[in-house]
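Thanks for coming. I have one structure to go through today, and I will keep to what can be computed from it.

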Amino acid sequence: MLNRIREIDQLATTIFRVEHFCTRSPQQARPGERVVDVHMWMELNDFDYAPVAGTNGRMFVSKLSLEVVERDQTVSSLSQPTPDDHWIEAHTSLRDGLNRLASTDWLFVRENGGLIGILTLHDLASPVISTYLLARLLGMEHGLRRLLGTYSNEMIPDEPSEKGKGDGWTLEKVMNRLTTQKDLLKDLGYPSGKKFEKAFKCFLKLRNHLAHARSILYVAKDAREAAEIVSELERFTSCIFGLVVNRDAVWLSYEATEITDSDDLSFVWAGVDAA
């Protein structure tokens, strides 16, 4: 997993795009449809916004605006122009799509000028999002095990042992040991063990939800919070992978070092030709 971090990064920047996790072909409200009927199907389907049919997404209605009007009013009398900042291109990367959604709450997705879908908080439950997050979290665990081993000089496997063999190094145990490694915490960007533990428990909770086929919506109440969690996870894992590379360089340098006797240079205490 550690050797494939660039591929994991590519999932969020070039491979997974908004078109892969938005709601395709959203239900549209007909201009002549009664408000009471539209509000009913929006309520049943948990839709907060819907494009108006025949407008290619240029007009929309919100569920909230339909709650305080006469029942027999039609959609056309309550439709609103779609703001420019509520449009996003289908080819936008996963990472940029999440950031945009965090600032607007909902987005119409277009391709070649045509409406193809809508992006809302509920779309963060997509398997595409969960796949990316799980790959990140697995890489995080792998990297933290490696770092804890090198910072503490303890023998820790990079991956948990197979069921039944049990090395005892659960991810919870790794977290608890990390809170005592001040140098490592500092290098990871956390000034104290308590702040690290608070952030890490969120990642641990997310990992457990994803492992049980749930989504980030179980740890985030809105799109903004979800984007913040993803951003911190990306920062954290990128820092981990950077440290792993640096620590590997330290160990490789140590491995290549030769220590000779000061009186007899031909006698090698440590190195390739050590006695």
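A word on the source. This is a predicted model, in which local features need pLDDT of at least 70 and side-chain atom pairs count only at pLDDT 80 or more, while totals for chains, interfaces and linings use all residues. Numbering runs from 1 along each chain as its sequence is written, and side-chain values use heavy atoms, with hydrogens and water left out.

The protein has 9 helices and 9 strands. Helices (H or I, at least four residues) and strands (E, at least two) are DSSP runs, numbered from the N terminus. There are 275 residues, and 42% of them count as buried. Buried means under 20% relative accessible area, exposed over 50%, and partly exposed in between, with a 1.4 Å probe and protein chains only. Of the contacts between residues at least 6 apart in sequence, 58% join residues at least 24 apart. Contact here means heavy atoms within 4.5 Å.

Now the pockets. Rolling a probe the size of a water molecule over the atoms shows where empty space is left. The search uses a 1 Å grid over the protein atoms alone: a pocket is an open set of points where a 1.4 Å probe fits, with protein on both sides within 12 Å along at least five of seven lines, and lining residues have an atom within 4 Å of a point. Grid points are joined across faces, edges and corners, and a volume is the space filled by probe spheres set on the points.

The largest pocket holds about 380 Å³ of space. Its lining has 21 residues, and those nearest the centre are Asp-46, Phe-47, Asp-48, Thr-120 and His-122. Strand E2 (49–51) and strand E7 (114–120) each give at least two residues to that lining. By type, the lining has 8 nonpolar, 6 polar and 7 charged residues. Nonpolar covers Ala, Val, Leu, Ile, Met, Phe, Trp, Tyr, Cys and Pro; charged covers Asp, Glu, Lys and Arg; the others, Gly among them, are polar.

The second largest pocket has a volume of about 250 Å³. Helix H8 (193–211) and helix H9 (223–256) are the elements that give two or more residues to its lining, and H8 gives the most, with 5. This lining has 5 nonpolar and 5 charged residues, and no polar ones.

Next, helix H3 (residues 35–44). Which of its residues are buried? They are Val-35, Val-36, Val-38, Trp-41 and Met-42, and their cover includes E2 and E3. Just after H3, Asp-46 takes a positive phi of about 60 degrees.

Strand E3 (residues 59–62) includes Ser-62. Why does Ser-62 count as buried? Because its relative accessibility is 10%. Leaving out residues up to four places away in sequence, Ser-62 touches Met-42, Asp-48, Tyr-49 and Gln-80.

Last, His-91 sits in the loop between strand E5 (87–89) and helix H4 (94–104). With the residues up to four places away left out, His-91 touches Arg-17 and Glu-19. Just after H4, Asp-105 has a positive phi of about 75 degrees.
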